[in-house]
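I opened the model to look up confidence and the contact between two chains. My entries follow.

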Amino acid sequence: MTAERPDDLTAADRELLARAVAAAPSPPEPRWGEYRAELRARLEARRSIGTRLRRWWARPAPIALSFGLATALLLFTLHPVERRPDFASVDEAMLGASLDLLENYHVVERLDLLENFEVIRRLDDVPSRES
Amino acid sequence: MTDDGEATSDEALCRRIAARDDAAFDVLVARYQARAYRLAWSFLRNAEDARDVSQDAFIRVWEAAERFRGDARFSTWFYRILVNACLDHKRRGRWWALRVARDSDRESDESLVERQPAPGPDPGDHASKAQTMTRLWNAVHRLSAQQRAAVILYAQEHLSTAEIADVLKVAEPTVRVHLHRAVAALRKELAP
């Protein structure tokens, strides 16, 4: 492209670079007509996608939707909803899950002897009303 | 500068493309298609990829024509788009590209030897020349992407170091360093 090449390469360096590039095998030559037709098709596809997107965004519904989403996002960022975990309900759920293990729970409930360790230890020996 | 009777400069065509002139785009494509494909092929060493990437570069020209300020030559701007497209392509599919390159290395090793003329008076000399060419070309492919780009733009496209710096968006001394390192690597490759 440029006649003068002010660089500090020697003639031997330039010759080596020229040889290196000339060593490239010839690439398979495309059929240029097909190449341009393919390029034109790709360009058309790109343009139609662009046009469709522009048309879609120009409609009132997408504008309203985008505006709504942006507002919601802004509100959420400014006033994040506080969601503290409800520890009591978690506790209840865990307790409920383990209730099946106590066969004679109704006895405990009636006698209110939970503080009495001996009773608790021999809980299964306490005859229930049914048995 | 004229193609198909069009006495229009690249820069003027680019301005017309910015105004969505299809005919100007066709003229510019016809003018640059071979160079673009050849450069992409030298970089990627795969015909399909070179075809895709060079077409991508033209599509980017279409899309970005209005951003061409005209303070640089169109060719420099176009080379920048093309080299970036090649670098992007390599980055996107590094693993795949390496595999393809290895395959095409093998193919080109064979084709370089195969496409030599029938042995003449000194077959040994021909074989040795073909081997040297193959080694040189493979050595170019082993250079870093920036070095390879500098070598191809310098020796194949005949750009000056200042123009290469503009294309690669680096300082001119950096281009010189790339070229010197490339020369050193090629010499090392040729050393017995």
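I began with pLDDT, the predictor's confidence in each residue, from 0 to 100. In chain B, helix 5 has the lowest confidence, with a mean of 49, and helix 3 has the highest, at 95. Helices here are DSSP runs (H or I, at least four residues), numbered from the N terminus. I then checked residues 1-6 of chain B: their pLDDT is below 50, and the stretch has 13 contacts in the model beyond near neighbours in sequence. Contact means heavy atoms within 4.5 Å. Chain B as a whole averages a pLDDT of 82, and 79% of the residues score at least 70.

I noted the ground rules. This is a predicted model, where local features need pLDDT of at least 70, side-chain atom pairs count only at pLDDT 80 or more, and totals for chains, interfaces and linings use all residues. Residues are numbered from 1 along each chain as its sequence is written, chains are lettered from A in the order in which they are written, and side-chain values use heavy atoms, without hydrogens and water.

Next came the interface. The predictor gives the complex an ipTM of 0.73 and a pTM of 0.63. I find 50 residues from chain B and 35 residues from chain A in the contact. The buried area is about 4100 Å², 60% of it from carbon and sulfur atoms. That is accessible area (1.4 Å probe) lost on being put together, summed over both parts. I looked up salt bridges (Lys or Arg side-chain nitrogen within 4 Å of an Asp or Glu carboxyl oxygen). The count between chain B and chain A is seven. Asp22(B) and Arg47(A) form a salt bridge at 3.5 Å, N to O.

Methods. Buried area is the accessible area (1.4 Å probe) that two parts lose on being put together, summed over both. Helices (H or I, at least four residues) and strands (E, at least two) are DSSP runs, numbered from the N terminus.
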